[in-house]
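Please open the model in a viewer and display the chain as a cartoon.

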Amino acid sequence: MVHIAERGMLTAALLKRLLNERVNRESFIAEGTIKGLFLLRRPAVRNARHANRACWVLRWSDNGKRRKKLIIGDARTIPLDAARKAAQTHSAKIVQGGDPAEERRERRSRKTVGEIWDAYCANPQFTSKAASTRYNDANRYRLHVADRIGTKLIDELDLQAVERFIAAIRNERRIGKRGRKLGGDGAIKKIIRLLAAMTSWAIKRKMVKGNPFSGHVLRADGLRTEIVEGTDYLAIFAAIDDLEENGRLPAVKANALRLIWATGARRSEVTSLRWRHVRLDLGRVIIPPLEHKGGRVAARQGREAIAAQLRAAGTSPAPNALVFPPMLEQSEQLELSRAWRTARKAAGLSDKIVMHTARHSIATAGAIAGMTNTQLAAVLGHSQTHTTERYAAIARSRQQRLGRLAFSAAVGLHTEACPNRPSGRNVMLRRKNY
């Protein structure tokens, strides 16, 4: 039932009285000057501060058929004049064929980047990733996305907004715990790919309509071309042995570096390795896929390094204990960067040779030796064989070059030195089962 206010128009004084009256049922009171604007009063809830609940409501008919309403807001916080002005604005949209109520529902259904991220983190597409991958993704979102665009509606992000976001990451000046710059092209590539995957997931579930993070031209994936082979590779183990004997390299770090260079394992695989992952009887290290993206590491060549850690840990180490524990109590994993720089310098290698070079070197040597992509994927712990295709390409290039050298030598035009010739450096290796 609709009750018309006295004299056909609400005043500030009359509104104050109506807001202080107790009501027993819901009632609409017409404002009187603007068609469709009403004061809606409802009975107060138990122990409420006010005598009733009251709000401004705009009512109209959709093409003369369906009755609709739009709640403008609380009558105690929105003054009478402000309610009239809002009603006039909405009425103008209705006259032009708009639907303010539907627009509001659509606006409320739109998600922010942060809301999409929270939903994405709870779905199997994210939770099925390895723990290290989830950790890195979460850190990238926290460091670069949350404060910059986390509260923005994802549907409102246009090309210019995303480009400004990319520029902010490229110009990032913060330094991380490992002393590295947090921003840059490498960070941009990983962050945009993460957000594009997240938004594609949301589009399939009809949470958003478009993907503002797809189609951007990013820096191409880096490809390390440096590899170590021959006497240079042996020099690494000789340097590690000498440094350990001279007390310049702790045994735990020396063994970790030996395992990396003997197997081509990722550094994170080695520093997070636990005794429950180790099968010395089989000469293997098996890491569950949910704990690391590699999933499996062939470790027969690095068996002695793990056995040395077993002797240091005792005959029965705890299954969940780290094979290579950190040396500092406040550290979660063993830090190897400084140890590797020392070993690299002692081996006389270029600064471009990093620990991950071991992985590329092992894979390239395997490809040159004739291993198939499937075999290389098994050795490296890749889930997809196409990831190892680049090593096969390197092998083909090397074989073609050797073919040209052989032909040149055969016809007496050989002028280029063989790439695998000995370096001339005398390297003494102790007899260890690497």
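What share of the contacts in the chain with a separation of 6 or more comes from residues 24 or more positions apart? Such residues account for 57% of those contacts, a contact being heavy atoms within 4.5 Å. The model is predicted: local features need pLDDT of at least 70 and side-chain atom pairs count only at pLDDT 80 or more, while totals for chains, interfaces and linings use all residues. Residues are numbered from 1 along each chain as its sequence is written, and side-chain values use heavy atoms, with hydrogens and water left out.

**Whole chain.** The chain contains 16 helices and eight strands; helices (H or I, at least four residues) and strands (E, at least two) are DSSP runs, numbered from the N terminus. Of its 434 residues, 39% count as buried. Buried denotes under 20% relative accessible area, exposed over 50%, and partly exposed in between (1.4 Å probe, protein chains only).

**Select residues 80–95.** This is helix α2, whose 16 residues should span 22 Å at 1.5 Å a residue; its end C-alpha atoms are 22 Å apart, which agrees. The expected span is 1.5 Å times one less than the number of residues. Colour Leu 80, Ala 83, Arg 84, Ala 87 and His 90, which are the buried residues of α2. Viewed down the axis of α2, they fall within an arc of 135°, so they line one face of the helix; the arc is that of the directions from the helix axis to the C-beta atoms. An α-helix has 3.6 residues a turn, so residues three or four places apart point the same way. On the face turned away from the buried side, find the exposed residues Asp 81 and Lys 85.

Next, show what the buried residues of α2 pack against: α1 (12–20), β3 (37–43), β4 (52–62), β5 (66–74) and α3 (100–109). Zoom in on His 90, which is buried, with a relative accessible area of 16%. Leaving aside neighbours within four places in sequence, His 90 is in contact with Leu 58, Leu 70, Ile 72 and Pro 100. After α2 comes Gly 97, with a positive phi near 95°.

**Select residues 113–121.** In helix α4, Val 113, Gly 114, Ile 116, Trp 117 and Tyr 120 are buried. Down the axis of α4, these buried residues lie within an arc of 160°, so they line one face of the helix. Their cover includes α5 (124–127), α6 (131–149) and α8 (185–204).

**Select the cysteines Cys 55 and Cys 121.** Is each buried or partly exposed? Cys 55 counts as buried at 9% relative accessibility, whereas Cys 121, at 23%, counts as partly exposed. The structure holds zero disulfides, a disulfide being a pair of cysteine sulfur atoms within 2.5 Å.

**Select residues 231–245 and 251–263.** Helices α9 and α10 pack at an angle of about 170°, with their axes 10 Å apart. That makes α9 roughly antiparallel to α10, a description given to angles over 145 degrees. Axes are lines fitted to C-alpha atoms, for helices over the stretch in contact, and angles run from 0 to 180 degrees between N-to-C directions. Among the residues that meet here are Tyr 233, Ile 236 and Phe 237 in α9 and Leu 257, Arg 258 and Trp 261 in α10.

**Select residues 357–368.** Helix α14 is mostly covered, with nine of its twelve residues buried. Arg 359 and His 360 are among them. Just after α14, Gly 370 takes a positive phi of about 105°.

Key: Parallel < 35°, antiparallel > 145°, perpendicular 65-115°, else oblique.
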